[in-house]
Amino acid sequence: MRVFISADIEGTTFTTLWDETELGHHMYAAAAKQMTAEVKAACEGAIAAGADYILINDAHDYAVNLDVSELPECVEVIRGWSGDPLGMADGVDESFDAAMFVGYHSAAGRNGNPLSHTFTTKTTSVKLNGMVCSEFLLFSWACALKGVPTVLLCGDRMLTEDSKGLHPKLHTVAVKDGFGGSTRCLNPKLSCRLIREAAEAAMKEELAAAKIVLPEEFVFEVSYKEHKDAVRRSYFPGCRLVGDRTVVLETKDFTDVLRAVQFIL
């Protein structure tokens, strides 16, 4: 079986401050180590269930966070950004049996993580078809666009609760709770054990039943903190300004949404 994993850092077990997520900051090394450990745990669970090839998209910031030497031999890692509209799901294609998301965080405006955002910190809210739009929603649907079912989500509790209805066979692991500027975190070793167990269980599901059909139409709505950001981004093809700080894109092709994400977020 072939598995695709998209990995982020703000939803890993103990990340609480932006400094922990920034390459070069003295607090970053511990967070990157835990990000690697949680991704490794997901890989080990998938392998225990029969996976023999895993492709990981290192999908945070400069995309050079994972210690590749710590990962199983059947793993390949995409580092850096190609510019493909698939973004954090870059690399996924129809050949994969399942997708997993590790280290993901709550959406812009949500109180479940001090680091909540959707692709940028310039927005107050992002919605897709009226739903609060997280990076998980965007890029798990990107996997669905390629016919690949999403079976595992690991991150903060609010994100896992918000996302349970998005995929019929989704297994979730909440590694921390957030409130205001604080987090309440599991022991990092326990997080890894739970992720490993959930990944194995997820891959033992009936994967054909885990697939979803995307909506026929998409309404992508982004509200910015600064009105000037909304005005500027309203000139992106297909976008229109609504009120002072909100841009809306309506389309029947989800690729249009993914493409817009790269330019208006």
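These legends walk through several close-up views of a predicted model. In this model, local features need pLDDT of at least 70 and side-chain atom pairs count only at pLDDT 80 or more, while totals for chains, interfaces and linings use all residues. Residues are numbered from 1 along each chain as its sequence is written, and side-chain values use heavy atoms, with hydrogens and water left out.

**View 1. An open sheet of five strands.**
The strands follow the order S6-S5-S10-S12-S11, and their pairing is antiparallel. Strands here are DSSP runs of E with at least two residues, helices are runs of H or I with at least four, and both are numbered from the N terminus. Two strands pair if DSSP finds at least two bridges between them. At the edges you will find strand S6 (131-132) and strand S11 (239-242), each of which pairs on one side only. Strands of a sheet pair through backbone hydrogen bonds, either parallel or antiparallel. Between strand S5 (residues 123-128) and strand S10 (residues 218-224), which run antiparallel, there are five bridges. Look for Ser125, which stands opposite Ser223 in S10.

**View 2. Helix H6 lying across the sheet.**
Helix H6 (residues 254-264) lies across S5, S10, S11 and strand S12 (246-251). The helix runs at about 15 degrees to S10; axes are lines fitted to C-alpha atoms, for helices over the stretch in contact, and angles run from 0 to 180 degrees between N-to-C directions.

Lys127 lies in strand S5. Leaving aside its neighbours within four places in sequence, Lys127 is in contact with Cys133, Val219, Phe220 and Glu221, where contact means heavy atoms within 4.5 Å. Tyr28 is 99 residues from Lys127 in sequence, and their C-alpha atoms are 30 Å apart in space.

**View 3. Aromatic rings around Phe218.**
A search of the whole structure finds nine aromatic pairs. Rings of Phe, Tyr and Trp (its six-membered ring) pair if their centres lie within 6.5 Å; planes under 30 degrees apart count as stacked, over 60 as edge-to-face and the rest as tilted. Trp141 and Phe218 make an edge-to-face pair, with 6.2 Å centre to centre and 65 degrees between the planes. Trp141 lies in helix H2 (residues 135-145) and Phe218 in strand S10, so this pair ties together parts that are 77 residues apart in sequence. Phe218 also pairs with Phe254, this time tilted, at 5.1 Å centre to centre and 45 degrees between the planes. That pair links strand S10 with helix H6, 36 residues apart. Trp141 and Phe218 are buried, and Phe254 is buried too.

**View 4. A ring cluster and an arginine.**
Ring pairs link Phe4, Tyr53 and Phe96 into a cluster. Arg2 lies over the face of Phe96, 4.7 Å from the ring centre. For such a charge to count, NZ of Lys or CZ of Arg must be within 6 Å of the ring centre and within 35 degrees of the ring normal.

**View 5. Strand S7 and its two parallel partners.**
Strand S7 (residues 150-156) is mostly covered, with seven of its seven residues buried. Four bridges join S7 to strand S4 (residues 98-104), and the two run parallel; Ala99 has Thr150 in S7 as its bridge partner. With strand S8 (residues 171-179), S7 pairs in the parallel sense over five bridges, and Asp156 stands opposite Lys176 in S8. From S7 the chain crosses through helix H3 (residues 157-163) to S8 in a right-handed β-α-β crossover. Right-handed means that, with the strands pointing away from the viewer, the path from the first strand over the helix to the second runs clockwise.

**View 6. Three residues in loops.**
Asn113 sits in the loop between S4 and S5 and is buried, with a relative accessible area of 4%. Leaving aside its neighbours within four places in sequence, Asn113 touches several residues by the contact rule, including Glu10, His105, Asp156 and Lys176. Phe119 is found in the loop between S4 and S5. Although not a glycine, Phe119 has a positive phi of about 75 degrees, and at 26% relative accessibility Phe119 is partly exposed. Asn129, in the loop between S5 and S6, has a positive phi of about 50 degrees and is not a glycine. Its relative accessible area is 29%, so Asn129 is partly exposed.

Conventions:
Buried means under 20% relative accessible area, exposed over 50%, partly exposed in between (1.4 Å probe, protein chains only).
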